[in-house]
Amino acid sequence: MPKGRQNSAGCAIWSVGEGRSRRPCSPYSSRILAFAARRAAWYHAGRGGGPHQYARNEPMTNSADTNGAAYAAALHGAALADEGEAGRILMRGRDRAALLHRLSTNDIERLRPGAGARSVLTTPIGRIIDVLAVHALDDALLLATSPGQGGAVWAHLKKNIFFQDQVALEAAGRSHGQLALYGPAAAEALRQALGADIPSLPPHHNATLGFGGAQLIVAARPPIGGPSFTLYVPAEQLPAARAALLGAGALALDAATLEVLRVEAGYAASGRELSQEYIPLETGLHDAVSFSKGCYVGQEIIARMESRGRLAKRLMGLRLSAPASAPGKLDVGGKEAGDLTSAAVSPRFGPIALAYVRSAHADPGTRVGIAGGDVWGEVAELPFK
């Protein structure tokens with residue numbers, strides 16, 4: 001057997017020679033708007049966060065000023081959010097898939113052009129560095145990081161490229177903008193804006209479509225309200241693409257409203273639910289983990305947790321007795337029971353939160369306290385219903 005050195009996952013790495021016009025909203029709007037306004041008045045507690053990266057100790061108050069029209073559009077129409085804070089990196093070269101395959105949790109080497117997946121960059125002890133949306137293009141992998149994580153992910157990838165790896169990184173954060181389109185009417189708004197039919201795409205799979213003489217990439221993303229999309233748009237075409245989508249009936253989605261929708265959906269955010277305090281299986285990122293691929297950084301810990309079927313904690317929802325601030329601690333009977341990571345006031349569900357709950361207390365319906373106050377929460381499955 002030829003000899004090669006080992007990477008930080010303990011996997012052999014062989015040298016290259018060894019082979020390898022604005023339409024009005026639907027009639028639902030007035031009812032949803034009125035309901036949202038009533039709930040906002042009942043639970044007034046300050047402005048929520050946004051889709052940016054949260055510092056671990058950054059206070060996040062509850063959202064009581066949700067934009068009712070945008071909230072309704074995301075659930076029953078189409079809503080458009082700017083994701084400029086996300087990092088965008090192109091990986092090129094023969095070994096691009098092999099590199100990301102050995103650094104992250106999913107089976108990247110199986111991806112063919114047009115396909116995609118989520119994958120988690122993990123530490124040697126299986127803790128979350130970031131969750132990436134990975135899109136396979138004809139000649140590259142396009143990675144989208146969490147908001148504010150582009151630089152850290154770039155540095156992590158760069159330090160793991162060895163001299164025999166044929167991999168080049170290309171920053172795409174300035175060359176391309178990023179938009180998110182949510183809601184059951186998202187595909188129709190996209191079709192009208194681009195003047196072309198949108199192919200049916202599995203999650204994270206992508207298609208390249210023409211717009212204004214340029215090529216943009218459309219990828220399916222985890223849904224809010226209905227099938228949802230990420231658009232990677234050449235920077236010079238970004239204002240025109242945004243205007244075309246708004247002209248096709250999408251409403252602009254502000255950060256505070258998107259934050260409420262995120263918590264309702266149970267989606268993890270960087271600096272909150274995504275950090276080096278947690279392991280992907282605790283976060284419920286099962287779709288981002290392959291249990292059949294070869295070794296990768298952090299695999300031993302993650303595989304052990306999966307094989308034993310025991311998690312120390314689980315990301316769950318909490319239906320709160322009153323608005324609460326995050327981050328915070330949970331307690332049961334005076335003992336620590338987990339971490340409160342995000343909180344919001346939902347027009348549909350009232351005060352809610354996301355929390356890592358110790359498995360002994362994670363059954364739906366269990367009551368847990370919020371340390372330092374009188375607020376308590378009832379554990380709920382995600383997404384909230």
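**Entry 1: a salt-bridge network**

I began with Arg92, Asp139 and Glu170, which are linked in a network of salt bridges, a salt bridge being a side-chain nitrogen of Lys or Arg within 4 Å of a carboxyl oxygen of Asp or Glu. The model is predicted, so I noted that local features need pLDDT of at least 70 and side-chain atom pairs count only at pLDDT 80 or more, while totals for chains, interfaces and linings use all residues. Residues are numbered from 1 along each chain as its sequence is written, and side-chain values use heavy atoms, with hydrogens and water left out.

I took helices (H or I, at least four residues) and strands (E, at least two) as DSSP runs, numbered from the N terminus.

**Entry 2: other salt bridges**

By this rule the count comes to 14 salt bridges. I noted in general that side chains of opposite charge can pair when their charged atoms come close.

The side chains of Glu83 and Arg221 meet in a salt bridge at 2.9 Å, N to O. Because Glu83 lies in the loop between S3 and strand S4 (86–92) and Arg221 in strand S11 (residues 214–221), the pair ties together parts that are 138 residues apart in sequence. Glu83 counts as buried at 17% relative accessibility, and Arg221 counts as buried at 18%.

I then looked up Lys329, which forms a salt bridge with Asp339, the closest N and O atoms being 2.6 Å apart. Lys329 lies in strand S15 (residues 328–332) and Asp339 in strand S16, so this pair ties together parts that are ten residues apart in sequence. Lys329 counts as partly exposed at 43% relative accessibility, whereas Asp339 counts as buried at 6%.

How many residues of helix H7 (residues 255–265) are buried? I found that ten of its eleven residues are, so the helix is mostly covered according to the rule for buried residues. What covers these buried residues includes helix H2 (68–76), strand S3 (79–82) and strand S9 (176–182), together with strands S16 (335–346) and S17 (350–358). At the start of H7, a side-chain oxygen of Asp254 reaches to within 3.3 Å of the backbone nitrogen of Ala256, and after the helix comes Gly266, whose phi is positive, near 80°.

The largest nonpolar core has 31 residues, and those with the most contacts inside it are Tyr182, Leu253, Leu261 and Leu285. I counted a nonpolar core as a set of buried Ala, Val, Leu, Ile, Met, Phe, Trp, Tyr and Cys residues joined through side-chain atoms within 4.5 Å. H2 gives the most to this core, with five residues.

Leaving aside its neighbours within four places in sequence, Leu261 is in contact (heavy atoms within 4.5 Å) with Tyr71, Ala74, Leu75, Ile224 and Leu253.

**Entry 3: aromatic rings**

A search of the whole structure finds two aromatic pairs. Rings of Phe, Tyr and Trp (its six-membered ring) pair if their centres lie within 6.5 Å, and planes under 30 degrees apart count as stacked, over 60 as edge-to-face and the rest as tilted.

Tyr278 and Tyr356 form a stacked pair, 3.6 Å centre to centre with 10° between the planes. The pair links distant parts of the chain, with Tyr278 in the loop between H7 and helix H8 (299–308) and Tyr356 in strand S17, 78 residues apart. Tyr278 is buried, with a relative accessible area of 1%, and Tyr356 counts as buried at 0%.

The ring centres of Phe349 and Phe384 are 6.1 Å apart and their planes stand at 35°, so this pair is tilted. Phe349 lies in the loop between S16 and S17 and Phe384 in the segment after S19, so the pair ties together parts that are 35 residues apart in sequence.

Definitions and conventions: Buried < 20%, exposed > 50% of the residue type's maximum accessible area, 1.4 Å probe, protein only. Polar contact = N/O pair within 3.5 Å; in protein donor to acceptor, adjacent residues only side chain to side chain.
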